[in-house]
Amino acid sequence: MIELDGVPELIDPVMVAAFEGWNDAGDAASTAVAHLDREWKGEVFAALDAEDYYDFQVNRPTVFLEGGARKITWPTTRLSVVRIGGDKPRDLVLVRGIEPSMRWRSFCNEILGFAHELGVEMVVVLGALLGDTPHTRPVPVSGVTSDPDLARTMDLEETRYEGPTGIVGILQEACTHAGVPAVSLWAAVPHYVSQPPNPKATLALLNRLEDLIGLRIPLGELAEDARAWQLGVDQLAAEDSEVAEYVQTLEEARDTAELPEASGEAIAREFERYLRRRDPGPGAGPGGHATESGDGSYLRDTSSGRTRPPKPTRPDTGPGPVSGPGSGPARGTDSGSDSGSGSGSGPGSGPTPGEAPKDTPKDAPGDASADSPQDPPADAPGDSSEDSSED
């Protein structure tokens, strides 16, 4: 039973969700939701029962010390609410967690139960996939939906994907069957520098989300982090002539594919975003940061029983992955299965534009385990020059 006694009535709420693991190449999607939560000072009001959805041998709990006492943080999915101030205030319901190990239908039904009780108008699920995209070009972000009317009115792609999927695809379909408008936004992460973090992909997702829901999102230091990330990868790529040649091949393919768009819609879209950022809009205070509402905390009533938690190797063929800035296991692609072992694709090995890689899910790469390799998901559309994906 869902009880929301501690949450006030929301204003035009939109739910934004992201899940670590198979749907989250470079941790780009989960980092985007974490950024929203941090910038708008979200308060957790609910956490799903970890016992119901997670295999603790796959996603292990962590022990930490607080005031000399040992405590445990369990892997789970948490919901928070942020209010964006301004002339037309509105609320976002943020969902951030780990792709569940089991009971996916119950998991989605529970999230939809919260969406129904809170009066959510639309669900936006963020994901990231591995693709043959150069790190030197803008990150391709594609929006897909199962709703033909939504695809037409919001200039999105209607998904036609068939094959293995992840929790992003399952949640989107659950929303569609429940009559809740749902959209998935996918960022394509270069497979040769796939380890997290990837602030450039996170920034691209937030920019597309900003366009989709019509809110100005404070970016903080994210733009600077993205520039530093690209500079670091540039330097590492320059040290290996094979990698540099491969990146150049990807650049040429990308530029050729996008040449018609570069003179039209893409330029107009970037110019509109530039104008919007110059003109303070809803949710933006001095310095580009959101203003807070005076409604106080959104913390859930503790009597409800829910707790508030505290807080690349080279492939056999072709140029190898670049170890980009940041630490963490390298994650490659594997065109032979839906949970690959991490080999990158070489020049010319990607699918033709508009065609999905065979036997590779497009929904999103990754695994529920943080150190598992990630595959290029087949449930989301990618860039026309790499693995065009859907949903």
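## A walk through the predicted chain

Aspartate 155 is found in the loop between α4 (148-153) and β9 (157-158), helices (H or I, at least four residues) and strands (E, at least two) being DSSP runs numbered from the N terminus. This is a predicted model, in which local features need pLDDT of at least 70 and side-chain atom pairs count only at pLDDT 80 or more, while totals for chains, interfaces and linings use all residues. Residues are numbered from 1 along each chain as its sequence is written, and side-chain values use heavy atoms, with hydrogens and water left out.

Most residues other than glycine have a negative phi, and most peptide bonds are trans. Aspartate 155, although not a glycine, has a positive phi of about 55°, and with a relative accessible area of 61% it is exposed (over 50%, whereas buried means under 20% and partly exposed lies in between, with a 1.4 Å probe and protein chains only). Aspartate 12, in the segment before β1 (14-20), also has a positive phi, near 45°, but at 39% relative accessibility this residue counts as partly exposed.

The protein chain as a whole holds nine helices and ten strands, and buried residues make up 52% of its 391 residues.

Two of the helices can be described as a pair. Two packed helices are described by the angle between their axes and the distance between the axes. The axes of α3 (residues 104-118) and α5 (residues 167-177) come within 10 Å and cross at roughly 55°, where axes are lines fitted to C-alpha atoms over the stretch in contact and angles run from 0 to 180 degrees between N-to-C directions. The two helices are therefore oblique to each other, a class left over once angles under 35 degrees count as roughly parallel, over 145 as roughly antiparallel and 65 to 115 as roughly perpendicular. Where they meet, with contact meaning heavy atoms within 4.5 Å, Trp104, Phe107, Cys108, Ile111 and Leu112 in α3 face Ile167, Ile170, Leu171, Ala174 and Cys175 in α5.

Helix α6 (residues 199-213) has 15 residues and should span 21 Å at 1.5 Å a residue, which agrees with the 21 Å between its end C-alpha atoms; the expected span is 1.5 Å times one less than the number of residues. Because 13 of its 15 residues are buried, α6 is largely enclosed by the rest of the structure. Glycine 214, with a positive phi near 70°, follows α6.
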